[in-house]
Amino acid sequence: MTGPTAPAAPPAAPAGDVAARATAGFRQRYGAEPAGRWAAPGRVNLIGEHTDYNDGFVLPFALPMRTVVAAAPRDEPRWTVWSELDDEPVEFGPAEADEPGRVPGWAAYVAGVVWALRAAGQPVPGARLAVASDVPVGSGLSSSAAIESAVLAALVDLGDLDLPAERWPRLAQRAENGYVGAPTGIMDQSAVIRGRAGHALFLDCRTEQVDQIPFDLDAAGLAVLVVDSRAPHRHADGEYASRRRSCEEAARILGVPALRDIDPAGLDAALAKLPDDETRRRVRHVVTEDQRVLDTVALLRANRVREIGPLLTASHASMRDDFEITVPEIDTAVEAALAAGAHGARMTGGGFGGCVLALVDASAADAVAAAVTAAYAERGFAAPATRTVRPAGGASRLA
Ligand code: GAF
């Protein structure tokens, strides 16, 4: 029997689909109905890695897996957030929101959005929020951009803020850079907010110009297989920051605003001006990767979808050999997928773990997944998670 001083057991986490879980979590925690529900997806990047913070090009797409926030406004400027990741809700006020780092853990992504909005002079409404998610955490599928973007959509609507959606990616990125402290670029938030079903998002990260590129896998008889390597993220944050520093330092030495400004035709001449082999390889990755994005877009526009495979594989080799951001589990997944007949395969995301994507014939998806799983078993790696995905829509309010 439970004694009188024992803490009350938290209610069991709600079951069901992600929107139902967010709604049920809201009712359980706050004893009221939410005013609405807002969703934002995870993403994969088809090609264009570590190019965003070099003012370059990326081609991600939004995933069907989503994070949903059920929310209601409150009269005072305070924010209470419950997530199914945690039994206890987190509560903070303006003092914690205005000091980056004061709210730790997953709730920092929520506090960061409040911080970025307040710093932009927006009258952010106080709110109660409940978060549920199907985007796996720590797999490199942008669960952080998903929560930031769903919370941002909720707060903009609840406060009737004058903030067009084109400005949301920069604000959500600011939350991550300035409050959470991760020096990421603008790709993830753009994909998650501006993604469109059936399309990949061609983004110029300098101008933020977006072009929706049709990416109809079904019509081409193809599938994108995503393999979660389940590799532990080793030093990912420090390595990401150090890659970014090398690129910025190289741009400074070369006298250009960003590596995007190095023309591939002048790459060898630019490399010759750099002081060491490591920096040369970092620059070569970024400059060639930008070109691979442009080549991929050209092929997709010409409806030559299968032919992007070699560009994906070349991108992987560049990340492995020049940018040095892959790990054995990731390389194994790529090699096994290619050996099993994938048209192309590459790591997607920041690196040091996370996911691989492979472009495969739809009819071969199961066989390629099985081949990757077998290769993992042979190498003694923990079994990977595999799924096929299609481009889905970006952040939105749910009915
Ligand atoms: C992470 C970052 F968040 C992105 O901004 C991008 O730099 C990516 O790594 C690498 O392409 O997802």
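**Notebook: the ligand and its shell**

I sorted the shell around the ligand and got three nonpolar, four polar and four charged residues; here Ala, Val, Leu, Ile, Met, Phe, Trp, Tyr, Cys and Pro count as nonpolar, Asp, Glu, Lys and Arg as charged, and the others, Gly among them, as polar. This is a predicted model, so I kept local features at pLDDT of at least 70 and side-chain atom pairs at pLDDT 80 or more, while totals for chains, interfaces and linings use all residues. Numbering runs from 1 along each chain as its sequence is written, and side-chain values use heavy atoms, with hydrogens and water left out.

Next I listed who surrounds the ligand (a heavy atom within 4 Å): Arg43, Glu49, His50, Asp52, Tyr53, Thr184, Gly185, Met187, Asp188, Tyr240 and Gly350.

Then I checked polar contacts (N or O pairs within 3.5 Å). Glu49 puts a polar side-chain atom 2.7 Å from a ligand oxygen, and Asp188 has one at 2.8 Å from an oxygen of the ligand. From Gly350, a backbone N or O atom lies 3.4 Å from a ligand oxygen. On its own the ligand has 300 Å² of accessible area, and the protein covers 93% of that (Shrake-Rupley, 1.4 Å probe).

Last, the overall fold. I counted 12 helices and 13 strands, taken as DSSP runs (H or I, at least four residues; E, at least two). The radius of gyration is 22 Å, close to the 21 Å from the globule rule for 399 residues, so the protein is as compact as a globular protein of that length (C-alpha atoms; the rule is 2.2 Å times the number of residues to the power 0.38).

How values were computed. A polar contact is a pair of N or O atoms within 3.5 Å; within protein, one must be able to donate a hydrogen and the other to accept it, and residues adjacent in sequence count only if both atoms are side-chain atoms.
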